[in-house]
Each structure stands twice: as C-alpha cells, then as structure tokens.
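Welcome to this short briefing. Please keep the sequence and the 3D view open as you read, and follow along topic by topic.

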Amino acid sequence: MSAVAGTDALHWLTASEARTLLDKKELSAVELTQAHLARIESLDPSLNCHISTFPDRSLAQARAADERIGRGESAGLTGIPISLKDVLVTTGTQTTAGSQILKGYESPYDATVVQRLHAQDAVFVGKSNTDEFAMGSSTENSSYGVTRNPWNLDRVPGGSSGGPAAAVAAGEAMLSLGSDTGGSIRQPAGFCGIVGLKPTYGRVSRLGLIAFGSSLDQIGPFARSVEDAALILEAIAGHDPRDSTSAPMPSPDICSHLTGDLAGVRIGVAEEYAVDGMEPGVETAVATAVESLKDAGAIIKQVSLPHTRYALPTYYITAPAEASANLARFDGVKYGLSIDGGSLREMYEQTRGQGFGPEVKRRIMLGTYALSSGYYDAYYVKAQKVRTLLKQDFDAAFADVDVIVAPTSPTVAFPIGARLDDPYQMYLADVFTIPANMAGIPGVSVPCGFADGLPVGLQFLGKAFDEATLLSVAHAYERSQPWWRMHPELGNEI
Amino acid sequence: MEAGSATVIMVQFAIFARSLETGRGVEIDVTETIASTRFETVIGLEVHAQVLTKSKMYCSCSAEYASAEPNTHVCHVCMGLPGALPVINREAIELCVLTGLALDCTIAPFSKLDRKNYVYPDLPKGYQVSQYDLPLCQNGTLVFESNGEPVTAGITRVHIEEDTGRLLHRTASDGSDISLVDLNRSGVPLMEIVGEPDLRSPEHARDYLIALRQILRYIGASTGNMEEGAFRCDANVSLREAGSTEFGAKVEIKNMNSFRAVERALRYEVERQQGVLEAGGTIEQETRGWVDARGVTVGQRTKEAAHDYRYFPEPDLPPLALGADIVERIAARLPELPAARRARFVEAFGLGEPEAAILTGERETADYFESVCESAPAEGRSRLAANWILNDLFGLQRERGLPPDRMPVSADQLAGLLDMLEADQISARAAKELLAQLGPGETAIDKARSLNLLPLDDDDAIRTAALETIEAFPAAADDYRNGKKAAIGRLLGETIKRTGGRARPDAARAILEELLNSPS
C-alpha cells in the first residue's frame with residue numbers, strides 16, 4: 001500500500017483545518033494557493049487533473065481573500081483553493097465540458113455555484129478534467145486526455161468527475177466541485193479514496209452546469225473529510241430562482257449536526273446491492289465497515305429495494321434521451337467549434353462529427369432512438385414509470401431506516417483501457433450509484449479501506465433533503481476509521 | 001328624416017373604411033360561391049399569436065423585438081448558451097389561460113411543458129419548449145358571424161410555447177450568399193390556438209380570424225398584428241363529397257401574412273383541390289406555401305420528410321398546477337367580450353348592429369364610447385356620440401394616421417363638445433371646427449371660446465349683419481316683403497355667414513323678420 005498518513009504539508013490540510021490557520025493569520029491564502037498551484041505544476045504533467053489553470057487569477061483571488069480575512073470578515077471558504085469540474089461555466093477562462101466542440105468557449109456568465117463560492121472569496125485553482133459532457137465512468141472519454149488515479153497511475157480515477165476527484169486526492173485542490181448524473185461524483189470519490197457527495201436533486205442550483213441528463217444532474221463536492229463536504233455544501237446550496245428545479249429552501253445547516261454519534265441510528269443494508277462481478281476485496285471492506293457501524297451503536301436492518309436491477313437499464317434510456325436534446329445546441333452556429341461544410345446540413349455533420357467523441361455520439365443515438373415515434377412509449381415512458389417505482393422503493397425503505405449503506409462501486413479503480421472496448425462493462429461501474437439519481441435522493445461516498453492497494457468507497461444514501469442526517473452518519477463513520485487521513489504517495493512531496 | 005338617411009350613408013362608409021383596417025378583403029365578393037355543390041370545404045386554422053408580455057417566455061429579456069438592432073435583446077437563456085436554464089414567465093401563462101377562458105376552454109388543472117426537438121439555425125437550443133399532450137387549455141368554442149349568420153367553431157386547444165429567432169439572408173461583399181441569425185425574437189412567448197375543422201368556406205376562415213384577433217386584443221393577450229408577425233395563421237384545407245362525414249386528405253397552407261392573404265390562399269386552394277378531384281385525381285397530404293405575388297399555393301414538403309419531433313417532458317421546468325383558485329383569479333381579469341358587448345350596445349344604447357359592431361371593434365373604442373355616454377344621461381346622447389365617433393372621430397383618426405385604438409381627442413373632450421351641442425351652445429358646423437382644433441389637455445368650452453366659436457348673443461352685431469345682408473340682397477328682401485316668405489332662407493344664411501357662423505339661426509331669423517316687416 002502506498003498510502004501515507006497525513007503530514008503537515010499545506011496541500012494535505014482539510015478546509016476546516018486551513019480555515020482555522022487562515023483566520024489565526026498563521027497561514028495566508030496566497031501561501032496556501034501557491035502550495036496548491038505548485039502541486040498542480042509538478043503533478044499534472046503525469047496526473048492530468050486539469051484542463052485549464054490560471055495561476056495569476058488564482059493568486060489575485062487569494063490576495064482578495066487575504067484582505068477579507070484581514071478585515072475579519074472571512075466566510076467558510078474564504079481563501080480555500082478549489083477546483084471546478086470543467087462542466088461548470090466560468091467567465092474569464094474556457095469551459096470545455098471535456099469536448100473539442102467547446103474548445104476555447106468562454107461563458108459570458110458564471111454558474112450559480114461559482115458565483116456563490118466567489119462571493120465567499122474562495123480561490124479557483126483550475127478547471128478539472130471530465131469525460132466528455134460528463135458521459136463516462138473513467139475520464140477516458142475526455143478529449144483532453146485521461147486523468148490518472150493518484151493511487152496508481154495505471155488506473156483510472158473513475159468518472160465522469162475524475163479530474164476534480166483526483167485533484168483533491170492528489171493535493172492539487174483542497175476541495176472541488178463535480179457533477180453527478182449516475183454516480184459521477186461518488187464513484188470517482190470511491191476510486192480516489194476521498195469524500196464525494198451528491199446532494200438531493202434540487203438542493204444545488206444547476207444554472208451554469210452544462211447539462212447531461214437534466215432530471216438527474218446534480219452538482220456536489222469532493223473533499224478530504226465529510227466536514228469539509230458539509231462546509232462547501234452549505235456554501236453552494238439553497239434556492240436559486242433562476243433554476244426552476246431548485247428547491248425553494250434555504251441552505252441547510254449541516255456542520256452543527258456532525259456530532260460523531262451513531263448510537264441508535266438505523267442503517268439499512270439492501271440485499272439487492274450484492275451483485276455478480278463484485279470484487280471480493282470490495283465486499284470484504286464494505287462488510288467490515290458495516291460491522292464497525294454496528295459496533296459504534298448503529299442498528300443494522302435489512303431493507304429491500306426490489307426494483308434496483310431496473311435502475312441501470314432505465315437510466316440508460318432517461319439520461320441519453322435528455323442528453324440527445326441537451327446536446328442539440330452544439331451545432332456550429334453560435335459558439336464553439338464550427339466547420340464550414342458548404343451547406344447547412346454539411347456544416348452540422350462536419351461540426352458534430354468532428355466535435356463529439358464516440359461515447360457522446362453513442363448516447364445521442366441511444367437517446368434519439370428512445371424518444372423516436374413508435375419507441376417513445378416502450379422506452380422513455382416506461383423508464384419514467386420504473387423511476388417512480390425506484391423512488392417508491394426508497395420511500396418504503398426510509399420508513400424503517402435513517403440511511404442506507406452500500407458499496408459505492410462493485411470494483412476498485414480499473415486499469416486504464418480495460419473497459420474501453422466494452423461500454424456495458426463501463427456502465428456497470430455505476431450500478432450502485434444510479435438508483436440515487438433516478439430517485440433524486442442524496443448519496444455520499446466515504447473511504448472504507450483498501451483492496452489491492454486501491455481505495456474502496458462506502459456509500460451512504462439518505463432521504464431527500466436530509467443531507468444533515470446523511471452526513472452526520474458518514475462523518476461518524478469516517479472519524480471512527482483511519483482511512484480519511486490516508487494519502488497517496490506520489491513520490492515528489494513538496 | 002333627411003338627417004337620418006345621411007347618417008346611414010355615413011355609417012356604411014365607416015364600415016367600409018374600418019374593414020380595410022381590420023383586413024377584410026374588399027376585393028372579394030363575399031357572395032361568390034366558389035365550391036361546387038358536389039364538394040364541401042373543410043377548413044381548420046392554427047393560429048400562433050405573440051403573447052403580449054414585457055419579457056420573453058423563459059428569461060427576462062425584452063420581448064420587443066420588432067424595432068431592436070439584431071441580437072440586442074438576448075441572454076444566455078434565449079441564445080441557448082451552455083448551462084442556461086429557463087424560468088417560466090407567469091404573465092404569459094396567465095394570458096394563455098385568459099385566452100382559454102375567453103374561448104370557453106377547459107383549463108387543465110395539471111399541465112406541463114415539453115421539448116419539441118428539431119434542428120435549425122434560428123432555434124438556438126435545438127429544441128423548442130412547447131406543450132405536447134397536456135396543453136393549458138382544451139375544448140373551447142369560438143362563435144363568430146359570417147355573412148350575417150352566427151357560426152360556432154370548436155377550439156381544440158390553446159397552448160404556450162416560445163418563438164424562434166429570425167434568419168436574414170444576405171449577399172456578402174464577395175457575392176456569396178450568407179445567412180445571418182437574429183435571436184431577438186428567440187424565446188418570445190407564443191400561444192398556439194388550434195381550431196377544429198369546423199369552417200366551411202374561406203369567408204368563415206377570414207371571419208373566424210377577425211373574431212379571434214378581436215378577442216385577443218380585447219383581453220390584452222396579443223396585439224394581433226398580422227403584418228408584424230404577432231398573429232400568424234396556418235390552415236388545413238380539405239374537400240369531401242357533400243354529405244360525407246369522412247375527412248378528405250388535408251393540405252396545410254403556410255405563409256399567409258394578412259387576412260386578405262388567408263382568404264385568397266384558401267380560395268385558391270379550394271379551387272385547386274376541386275379541380276384535381278373533378279379531374280378524377282387524388283389530393284396528397286402535404287404542406288403548401290402561399291406565394292402572394294403569384295396568387296398560388298406551392299408544394300413545400302411531402303409527408304416522407306415529416307418530422308419526428310421526439311417530444312418529451314421538459315426536465316428543466318416543473319409541471320404547472322393550476323388550482324381552481326388560480327383560474328378564478330385569472331378569470332377575474334376577463335373583460336366583457338366583443339360579442340356580448342356588441343349585443344349590449346344594441347340593447348342599451350339603441351344602436352344598429354353595424355354601428356354597434358364598429359364601436360365594439362376595439363375595446364378602447366367601446367370604452368371611449370361608453371365613457372362619452374356615461375357623462376350625460378341625456379336621451380339621445382348615445383346616438384349623438386355614435387354619430388360623432390363614427391363620422392368625425394374616425395375620419396380625423398385616419399387623417400392623423402392614428403392606430404385604430406387611439407382617438408384624436410379624449411372622451412372628456414368629446415363629452416364636453418356634445419354637452420355644448422345638446423345645450424345648443426354651439427352650431428354643428430362650429431362643433432366640427434372645434435373638434436379639428438382641440439389639442440391635448442384643452443377643454444371643449446375653453447377652446448370654443450378662444451376660437452370665437454360660441455354663438456353671438458350680441459343682438460346689435462346680428463342686427464348689423466342683417467342690415468348689411470338686406471342691403472346686399474335687395475331682390476331677396478323685396479321677394480320676402482312681397483309675400484315669398486321662403487326668400488328669408490337666403491338672407492338668413494348670409495346673415496349667419498356674416499357673423500362668422502356664430503349667430504343662432506332663431507335669433508338671426510327673428511331680427512331679420514323684424515327688420516323686413518318694419519316699414520322702411
């Protein structure tokens with residue numbers, strides 16, 4: 001195992017630790033930012049976590065943060081270095097969505113989450129890598145190169161938010177934001193041995209998130225601790241009148257619920273989450289985690305989620321269907337790549353033919369087919385009915401338990417290239433994470449050990465809009481274990 | 001009697017003039033029978049009306065696109081930029097529901113928006129946010145008059161959607177053909193009002209459109225301006241054997257930009273289909289475009305190329321739940337509709353049908369008329385007001401190039417003028433001059449005073465004028481004195497003229513008689 005315990009290095013601090021040091025003026029935001037920028041400079045040539053960096057701007061933000069701290073007005077994330085998945089639009093730098101079709105595209109507006117972080121004078125250190133349009137489970141579908149797993153450079157970091165996950169795991173960023181449509185935060189968090197949270201659908205504004213599956217997409221954080229994830233969730237959550245699917249609720253108070261007490265908490269284990277193809281190392285790590293939850297006073301109950309096996313196939317109708325419409329705007333007319341073809345049709349074909357990668361094209365085809373006249377009822381409509389059943393499964397389970405525990409993924413991080421030729425195997429990586437998206441409920445992955453030297457993720461699922469309970473259980477588990485303090489040894493510690 | 005018949009003539013003139021503005025085709029003889037008795041014409045209309053809101057359907061950009069520089073009323077939402085999300089314009093929803101209520105539709109308690117997928121450069125998202133299977137309003141009716149007969153047409157549905165941008169085709173400096181995209185119109189709210197195939201002639205279609213447009217203008221849901229594209233119409237036309245209940249293959253006619261174009265296009269298409277059928281041919285279901293300059297419809301695309309729009313629920317917008325309380329609140333905005341108002345005008349004001357129809361043509365005109373009538377309960381006020389509005393104000397309105405909903409003087413000003421007329425304080429001739437001179441903010445009485453239009457109460461001045469007249473027309477004076485009493489008419493007219501029209505006829509007559517009868 002190449003894991004090393006926490007050091008005093010600035011890039012391994014948690015955000016809450018850094019907060020204390022910053023507010024005590026024992027550390028400046030500029031120093032902290034410089035440490036992370038240096039880390040990016042030395043590691044990214046091999047890890048490739050970031051598509052874009054803008055050190056001058058990052059340092060300018062850090063100086064503004066230091067001034068604010070100097071005035072005694074710091075907010076939770078003032079001066080904290082954060083990486084943004086490159087599907088979140090930002091002014092002043094390109095937003096590519098991992099695609100050639102948006103290479104060089106500069107948004108005239110900032111995503112709501114970016115605005116909210118900016119309002120706290122957080123520091124943005126870069127735009128991180130993603131599978132093209134967030135379609136993938138390994139970042140191998142990025143047209144800007146694969147991101148490597150900091151624990152083993154021959155392995156994928158997971159995806160689609162592989163860039164922001166690996167960045168936090170490697171110390172290139174203290175926190176990052178990703179997006180989760182079918183597991184794109186939780187799965188890479190598990191693969192990279194960090195915390196990844198998908199909030200309840202509607203909890204965080206999607207304005208400025210380049211849409212993949214609009215009814216499933218949700219922005220959420222990567223962090224080195226549950227506490228840090230709660231800190232940034234509080235900053236980005238809350239009603240946004242410019243996103244009609246954002247819940248009209250204020251940002252939740254979560255940090256004060258992180259008591260570390262599991263006594264009497266009812267935790268469900270679903271039999272349906274034991275599937276073929278589950279790696280023994282993962283099975284063992286998860287079983288051990290469940291035992292330790294029990295030892296800490298939690299009540300473990302069996303629950304049934306009978307429609308789980310339909311989640312994956314219905315997801316692969318719903319998400320591509322929505323994507324097929326969401327990606328229609330990339331047509332070479334208004335922005336991004338545009339290849340003149342002599343005729344309108346030729347321009348469309350050339351632009352989209354060259355601008356999109358094979359997985360994006362596959363999903364556009366899948367989705368277009370599922371929505372086509374004559375197939376719509378059999379596919380799309382039926383998938384929506386199954387979605388209701390999946391939601392009812394969770395409603396029934398949550399009548400008996402406070403949270404559900406499950407593996408995040410059936411495997412640890414797989415080798416780069418291993419699943420590229422088999423999309424179905426790739427899709428299976430999300431089999432445990434997809435149900436939460438289909439039901440709209442929150443889920444969080446926390447590290448629960450290692451198998452074959454690679455991190456294993458433990459997933460907790462919670463009731464809609466009850467991130468407070470979800471994260472308090474995850475936090476209590478995390479603090480009872482050594483895993484969250486483990487970091488990959490990258491050979492060139494600064 | 002004489003005055004009465006003059007009014008009738010004037011009213012007919014006004015009908016003619018007004019019908020030009022509302023787009024009634026004056027060239028077409030409405031009594032002409034176009035279809036043979038063998039076939040029955042079946043027409044259903046689809047109207048797209050721009051909803052009269054300040055901002056666009058899903059963003060806060062101004063919906064005023066007609067006069068703006070290209071791409072100045074745009075934002076991330078209506079340009080379809082990455083990450084953009086729509087937010088529903090509540091006023092647009094309310095106006096669509098209001099339209100549904102005015103057309104006697106059932107308002108859906110649960111409705112939703114859907115994405116209609118198709119690709120074209122004027123559609124920045126690659127889909128239009130519209131409504132598919134759960135429109136806001138369904139199953140309504142529109143009752144209108146055609147050739148003096150009431151016609152009831154079903155309204156299938158009224159739904160809300162967004163407009164596209166516009167393409168401008170230009171030749172570049174190097175001579176190549178280029179297309180430019182203007183997205184000012186992109187996202188402007190539209191209502192689609194789909195009618196049942198209940199119309200039986202091009203005249204029906206025209207009168208349906210006129211009635212529908214009038215309702216939309218009354219309730220403030222749309223300007224209904226066809227030339228500016230705020231009121232667009234597509235028609236489905238088919239013929240069937242008289243007596244048959246089956247529908248024939250329908251042809252969709254597009255690109256009709258005026259009421260006249262609709263009537264001409266339909267007339268052409270009915271004749272074309274009749275010709276094909278009578279020659280033993282069959283009608284293909286197709287879309288044809290009206291080419292106004294040539295007066296023909298031309299095939300556009302065949303059904304092989306028919307779109308599969310792949311509708312699915314818009315995931316970025318929650319469904320719309322319109323509870324009874326909300327519908328009730330919207331219904332409270334519903335004004336008296338044109339047909340009811342027309343009937344009331346006949347009933348309450350003793351107007352003829354044609355006069356009532358014109359006075360209720362625009363809600364503003366009807367309000368104006370009522371306001372002028374309300375100010376004086378005097379009997380005869382309504383007829384007087386109607387005559388003045390129809391004959392004088394409309395004339396002035398046209399002369400000054402004012403839109404049909406804007407009167408040249410305020411209702412208070414006209415009421416003041418009519419008060420003076422009724423009190424015999426001003427002559428009809430002077431009143432007409434006063435009307436032409438009245439400026440904004442001026443009262444009729446003050447203006448009449450300053451223009452010296454009030455009657456001359458100075459008997460000495462009238463006497464002077466009468467003496468001058470008798471001196472100037474000795475023959476007429478002698479005729480009178482010799483018993484031809486009618487000769488006083490000439491002298492009376494001249495005397496009044498010499499007072500600048502200000503002498504009251506009865507006063508002038510008395511003075512003239514006194515002077516002529518007294519021994520000289």
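Which residue in β11(B) is the bridge partner of Gly44(B)? The partner is Asn236(B). Before going further, please note that this is a predicted model.

**Strand β1 of chain B and its partners**

- β1(B) pairs with β11(B), residues 231-241, in the antiparallel sense, and eleven bridges hold this pairing.
- β1(B) is also joined to β10(B), residues 189-195, by five bridges, again with the strands running antiparallel.

**The open sheet of chain A**

- Chain A has an open sheet of eleven strands with mixed pairing, and the strand order is β2-β4-β3-β5-β7-β6-β11-β12-β10-β8-β9.
- At its edges are β2(A), residues 50-52, and β9(A), residues 299-303, each of which pairs on one side only.
- From one strand to the next, the twist averages 35°.
- β2(A) and β4(A) run antiparallel and are joined by two bridges; here His50(A) has Ser128(A) as its bridge partner in β4(A).
- β4(A) also pairs with β3(A), this time in the parallel sense and over five bridges; Pro81(A) has Val123(A) as its bridge partner in β4(A).
- β3(A), residues 81-85, pairs with β5(A), residues 175-180, in the parallel sense over three bridges.
- In β5(A), Leu175(A) is the residue that Ile82(A) stands opposite.
- How many of the six residues of β4(A) are buried? The count is six of six, so the strand is mostly covered.

**Nonpolar cores**

- The largest nonpolar core has 230 residues, and those with the most contacts inside it include Ile82(A), Leu175(A), Val195(A) and Ala229(A), along with Cys96(B) and Tyr208(B).
- A second, separate core has 33 residues, among them Phe345(B), Trp388(B), Ala444(B) and Leu453(B).
- Ala229(A), leaving aside neighbours within four places in sequence, is in contact with Val195(A), Leu197(A), Pro221(A), Ala223(A), Val444(A) and Leu471(A).
- As general background, nonpolar side chains tend to be buried together in soluble globular proteins.

**Backbone geometry worth a look**

- Gly159(A) and Ser160(A) are joined by a cis peptide bond, with omega about 5°.
- Ser160(A) sits in the loop between β4(A), residues 123-128, and α5(A), residues 162-169.
- Asp121(A) is not a glycine, yet its phi is positive, near 60°; the residue lies in the loop between α4(A), residues 112-119, and β4(A).
- Is Asp121(A) buried or exposed? Asp121(A) is buried, because 23 other C-beta atoms lie within 10 Å and the cut-off for a buried residue is 20 or more.
- Asn71(B), another residue that is not a glycine, has a positive phi of about 55°.
- Asn71(B) is placed in the loop between β1(B), residues 39-50, and α2(B), residues 90-102, and it counts as partly exposed because it has 14 C-beta neighbours inside 10 Å.

**Around Ile283 of chain B**

- Ile283(B) is in the loop between α4(B), residues 259-278, and β13(B), residues 286-291.
- With 17 other C-beta atoms within 10 Å, Ile283(B) is partly exposed.
- Gly248(B) is 35 residues away from Ile283(B) in sequence, while the two are 7.9 Å apart in space, C-alpha to C-alpha.
- Leaving aside neighbours within four places in sequence, the contacts of Ile283(B) include Gly248(B), Ser238(B), Ala249(B) and Val251(B). Gln273(B), Val276(B) and Leu277(B) are also among these contacts.

**Chain contact and domains**

- The contact between the chains takes 34 residues from chain A and 26 residues from chain B.
- On the side of chain B that touches chain A, 16 residues are nonpolar, five are polar and five are charged.
- Chain B is divided into domain 1 (2-11 + 335-450), domain 2 (34-326) and domain 3 (459-517).
- The centres of domain 1 and domain 3 of chain B, taken over C-alpha atoms, are separated by 34 Å.

How values were computed: Residues are numbered from 1 along each chain as its sequence is written. Chains are lettered from A and ligands numbered from 1 in the order in which they are written. This is a predicted model: local features need pLDDT of at least 70, side-chain atom pairs count only at pLDDT 80 or more; totals for chains, interfaces and linings use all residues. A nonpolar core is a set of buried Ala, Val, Leu, Ile, Met, Phe, Trp, Tyr and Cys residues joined through C-beta atoms within 7 Å. A residue is buried if 20 or more other C-beta atoms lie within 10 Å of its own, exposed if 12 or fewer, and partly exposed in between; C-beta atoms are placed from the backbone. Two residues are in contact if their C-beta atoms, placed from the backbone, lie within 7 Å. Helices (H or I, at least four residues) and strands (E, at least two) are DSSP runs, numbered from the N terminus. Two strands pair if DSSP finds at least two bridges between them. Axes are lines fitted to C-alpha atoms, for helices over the stretch in contact, and angles run from 0 to 180 degrees between N-to-C directions. Ala, Val, Leu, Ile, Met, Phe, Trp, Tyr, Cys and Pro count as nonpolar, Asp, Glu, Lys and Arg as charged, and the others, Gly among them, as polar. Domain bounds come from an automatic or database domain assignment.
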